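Thanks for coming, everyone. I'll keep this brief. Let's look at the model together.

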Amino acid sequence: MAARDSSAILEDVTVVDLTTFVTGGFATLMLANQGADVIKIERPEVGDDSRHSGPPFVGVSDYDGPGKPASQHGESPYFWTVNYDKRSVELDLKTDEGLEICRELIAEADVVVENFRPGTAERLGLGYDDLQDDHPELVYCSISAFGESGPWSDRPGYDLLIQGMSGIMSVTGPDDGEPVKVGLPQTDLITAMWAAFGIVNALYRRERTGEGERVELGMLDATLPWLTKQAAKAFVGDEPDRMGTKDPVLAPYQSYPTADGYLNVACANQKLWKQLCEEIERPELATDPRFETNADRVENMDALEAELSETFAERPTDEWVERLADEAGLPVGPVYDVTEALENEQVDARNAVDSVTHPAAGEIPILEHPLNFAAAESGFDDAPPLLGEDTEDVIAELGYTQSEIGDLREKGVFSG
C-alpha cells in the first residue's frame, strides 16, 4: 500500500476501513490524522451512509473528474468531517471478485475496522477467525451497538438509542423538562475514540510480541465509563437528576444569564469562590453560611443561582469575560453558538480549523485534531474522497492490470 511522505507516527500503518457512519469512521479518521493510510471500502453507487446525511449538501453537478458524489444533491459536509485523508474504493462485497479484492487489501494491511451487525463479517468470510491464520499480525477491530455477547447483542443501535440506554438523556436537559439528547452524536464519538485507543494499544502490543490482536467493543460499553460523577452518585443510591447546566457535586459550576447572553462560571474550589465574590463586588456571599463550603453551595444551589444570576444580569457577557477571565484569571467563559466556536481568535491562533482543496467543491474547511507532538507530524493533508475516487489506483497497487480492472468494472464489482 502507499506510504505517506511524513514523519507521522502511524505513517507505515495501512488500515482497511469497512465501516459506515460515524463510530468506525471517526476511529479511522483519528488514525489518518496520525499518518495512517486509510482505505475506505464503500458500496458502489451508494457509499457510506453519511454521504447522504443532510441537508446541507454542496452541489458538484459540474464536476467531471475521477470519482463522483454519492448523492444526487451533491457532497455532504457531514461526511467530510469524518473522512479527511482517506482513500475511497468501491467494492461490491456481494460478488466473489469484490470479496477477493477486499481480502487482498487486508492481506497487505495492518488494521481492519468493521461495524457490521454481529455475525455479518463472518458470513462474508471477513471475520477475524477467517483472516487470522493467513495474517497472524493483523489488528482487527469490531464495533457494534451492544457488543457480541449478552441478550441485546443482536439489536441494531444508533447514537440516539445509546444516549437513552446509557443514562445520558436522563441527566441532560432542564430539571423540570423531558429527557434531552446531547446535541452531538456523542456516543458515536465516544465509541470511536475507544476504538482508536484500542487499535493503537494493539499495534503497540504487536511491536512487543509480533502478534496481532482482536479489539471488540460495543457502544453501550464504551459510553458507561463516561458517566463518572453521575455513576458515583448512583453507586451510593442517590439517583442523579436533570439539572440543566448545574453540576451535581460542584458549585458554582453552571451558566448564568447576562445582560446580553450567558456566562459559564466554574469557580468550584474555595480560593476561586472567594476571589469570584470579591471580583463581582459581592464579598458577603463568601461568608454567607449557605455558601461557605462547596458542600454548602451544592446543598443550596438554587439560592446561589438566584444571587449570582441577579449580579451577572447587570453587565454584558464580554464585559464579564474581560473583567473576570482576562484581568482576574478566573475560570469563566461565554456560551458560543457553533459559528462563534469555530471562528474566534483562539481557534485561529491554534489553527484548529484549517482548509484544503476538495476536487469538486473547491476550498473546504477542515476540523483539525488536537494532538501536537514535538518530534512528529500530525494533521490532515487531503480532502475527503469522492465516492470511488481511488478505486483503480488502489486495485492497481495490488498488481491488477488495466485490462483486468476494466473487466471488474464490467462485472459490476465497482462502478465506472
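Where is Thr 228 found? Thr 228 sits in helix 9. Helices here are DSSP runs of H or I with at least four residues, strands are E runs of at least two, and both are numbered from the N terminus.

First, the ground rules. This is a predicted model: local features need pLDDT of at least 70, side-chain atom pairs count only at pLDDT 80 or more, and totals for chains, interfaces and linings use all residues. Residues are numbered from 1 along each chain as its sequence is written, and side-chain values use heavy atoms, with hydrogens and water left out.

Back to the backbone. Thr 228 has a positive phi, near 35°. Its relative accessible area is 49%, so Thr 228 is partly exposed. The cut-offs: buried is under 20% relative accessible area, exposed is over 50%, partly exposed is in between, with a 1.4 Å probe and protein chains only.

Phe 21 also has a positive phi, near 65°. Phe 21 lies in the loop between strand 1 (14-17) and helix 1 (22-33). Phe 21 is partly exposed, at 26%.

Why point these out? Because most residues other than glycine have a negative phi, and most peptide bonds are trans.

Now the cis bonds. One joins Pro 55 and Pro 56, with omega about 10°. Pro 56 is in the loop between strand 2 (37-42) and helix 2 (77-81). Another joins Ala 251 and Pro 252, with omega about 0°. Pro 252 is in the loop between helix 9 (228-235) and strand 7 (253-257).

Last, Asp 326. This residue is in helix 14. Asp 326 is exposed, at 60% relative accessible area.
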